Amino acid sequence: MTITTTPLGFQKPDGNEPFRQGNDVISANAQKAQDLIAADKARLALLEKSAGFPGDPVELADDVVQVLVTDPASATAAALDETYARLQVVERPQRFYAGHYDTLADVFAARDATNAPAIIELEPSTTYQAANLRIDKPRTSLKGEEALITLPPGADQDALRIGPDAMFLKIQDLRMAGNYANQTGTSRGLIFEPYTGVDFRFSDRTKVEHVSIDGFKNEGAVIGERRLHVIMDDVFIRDYGTVGLTMLSSDCKFLNGGLGGIRGQYGVKLHAGSNWVQSSGIWSNTVAGVWMTEKANGVKILTNDIDNNLGGGLRAVGVASDSLDASIIGNHFRGNSTSGDGLHSDIYLEQVSNITLASNRAYAQLGSTARSKYIVDAGAGVDSVRDGGNDFATAYPTLGRWSTTAASARKNRVYAVDLISDGAGDVRITRQGVGIQVDNDITSPGTVLGSRLSVTGVGGQGFIQLTEQGLTPGNPAANGSRIFSRDNGSGKTQTCVLYADGSIGVLHTQA
């Protein structure tokens with residue numbers, strides 16, 4: 001009689017004898033059943049622990065556990081090794097509740113002591129005093145729960161600093177107050193420290209949302225160099241002393257928020273490329289709402305309300321005709337100058353090129369005369385301004401100007417369509433010290449009130465200037481005429497009229 005083994009390892013004789021040739025089948029099968037039960041209990045204990053269930057795992061006899069985890073033939077040992085390897089890769093975030101610590105600084109210190117992912121939770125609507133708070137570990141989530149972090153009087157520090165190792169960071173539902181009136185030195189709000197290393201660094205992939213930053217003596221927020229991909233969404237920065245938001249890193253975004261200076265100089269300073277400012281309000285800054293420097297290549301200023309900035313709406317000032325490739329699209333400009341007929345413009349350009357102006361609107365507040373002196377003021381060294389679809393109200397004292405003849409010679413254009421008077425008021429274009437130079441027609445249909453060109457000036461500055469031409473212009477259309485200047489062949493200048501049939505009348509010849 002023989003004994004066979006089942007798939008589970010039990011012994012099965014071919015008859016009914018429990019003992020055969022010295023083999024105790026009953027005893028062997030009982031031991032095998034115990035081993036299987038122990039193995040299953042070990043697996044259950046492992047699953048309970050990895051799933052995070054409370055309480056102690058299933059208890060096992062020491063000798064059984066020893067066999068299960070050390071025997072090379074044990075399937076349980078292999079399963080344990082595989083599961084442990086997976087658990088090492090997938091770390092569960094540790095939670096730090098502010099209510100369990102004496103101070104907020106203790107919370108941040110506890111988080112900084114571990115490299116695991118972490119969630120810091122502040123107590124709802126609670127006020128904390130800042131004390132050199134800093135996060136410098138990756139995969140941190142700071143849940144503000146509408147709590148307030150404020151600077152104590154005379155603190156003169158940054159409210160919250162984000163170190164260069166704090167990547168994949170998320171800050172939500174937080175309020176920060178700088179206690180402006182009681183600070184004497186430098187105080188700033190949210191500061192992303194620059195990355196100064198030499199090794200390749202991935203982008204931050206950081207998001208700050210539903211946050212307010214108010215009343216800091218210097219900058220409200222700073223994104224330092226080489227941080228990359230910091231997104232601020234629904235963030236309001238107000239009542240700062242210098243700049244609301246300074247972007248020194250590229251590929252960052254400020255969306256759906258507000259930058260209200262009250263006493264600040266600039267709403268946002270863009271000193272790096274490929275940044276976005278979109279769908280936000282920028283108001284009440286003393287120098288300009290938006291400041292673009294020579295490094296702001298590829299910047300996009302999209303669908304913002306830029307108003308009541310007393311020194312101008314947007315300033316793009318480069319060095320030696322920098323090619324910014326910037327897009328200024330869909331924004332509303334209003335009242336960006338001091339009261340009355342101000343000295344400043346909604347858009348000021350200097351030493352820059354490749355600027356796109358499209359679908360912007362500039363208008364006066366509540367139908368009054370616009371405070372801004374110009375909608376577009378192009379200073380020296382401006383080249384390649386592309387534009388179209390802008391709605392510039394005639395309530396402005398002046399629509400636009402070029403400040404140098406060189407700018408016009410490079411075919412800059414403020415408007416892509418002919419300048420047309422709609423009957424509600426005259427379209428006016430001015431420059432300082434020189435005449436208007438254009439490469440295409442300036443036309444008025446005159447279908448209702450007729451057309452006219454009025455030239456006024458002070459101190460001999462108002463005139464229409466013609467330059468001698470070597471060739472006669474082409475004939476005008478029927479019922480039209482063209483006035484031009486030429487040399488009469490004897491070195492004298494003639495002012496002439498050309499008619500549709502090609503005939504020329506000489507108005508006057510230089511004596």
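Which residues of helix α4 are buried? Hold that thought for a moment, everyone.

A quick word on the model. It is predicted, so to speak of local features we ask for pLDDT of at least 70, and side-chain atom pairs count only at pLDDT 80 or more, while totals for chains, interfaces and linings use all residues. Residues are numbered from 1 along each chain as its sequence is written, and side-chain values use heavy atoms, with hydrogens and water left out.

Back to α4, residues 104-112: Leu104, Val107, Phe108 and Arg111 are its buried ones, buried being under 20% relative accessible area with a 1.4 Å probe, protein chains only. Helices here are DSSP runs of H or I with at least four residues, and strands are E runs of at least two, numbered from the N terminus. Looking down the axis of α4, the buried residues fall within an arc of 90°, so they line one face of the helix; that arc is taken from the directions from the helix axis to the C-beta atoms. Their cover includes β5 (94-97), β6 (118-121) and β9 (140-150).

Now the core. The largest nonpolar core holds 71 residues, and Leu270 is among those with the most contacts inside it. Such a core is a set of buried Ala, Val, Leu, Ile, Met, Phe, Trp, Tyr and Cys residues joined through side-chain atoms within 4.5 Å. Beyond its neighbours within four places in sequence, Leu270 has contacts (heavy atoms within 4.5 Å) including Met247, Trp291 and Ile301.

Last stop: an open antiparallel sheet of three strands, ordered β33-β34-β35. β33 (481-487) and β35 (504-509) are at the edges with a single partner strand each, so one side of each has no neighbour in the sheet.

Definitions and conventions:
Buried < 20%, exposed > 50% of the residue type's maximum accessible area, 1.4 Å probe, protein only. Pairing = 2+ DSSP bridges.
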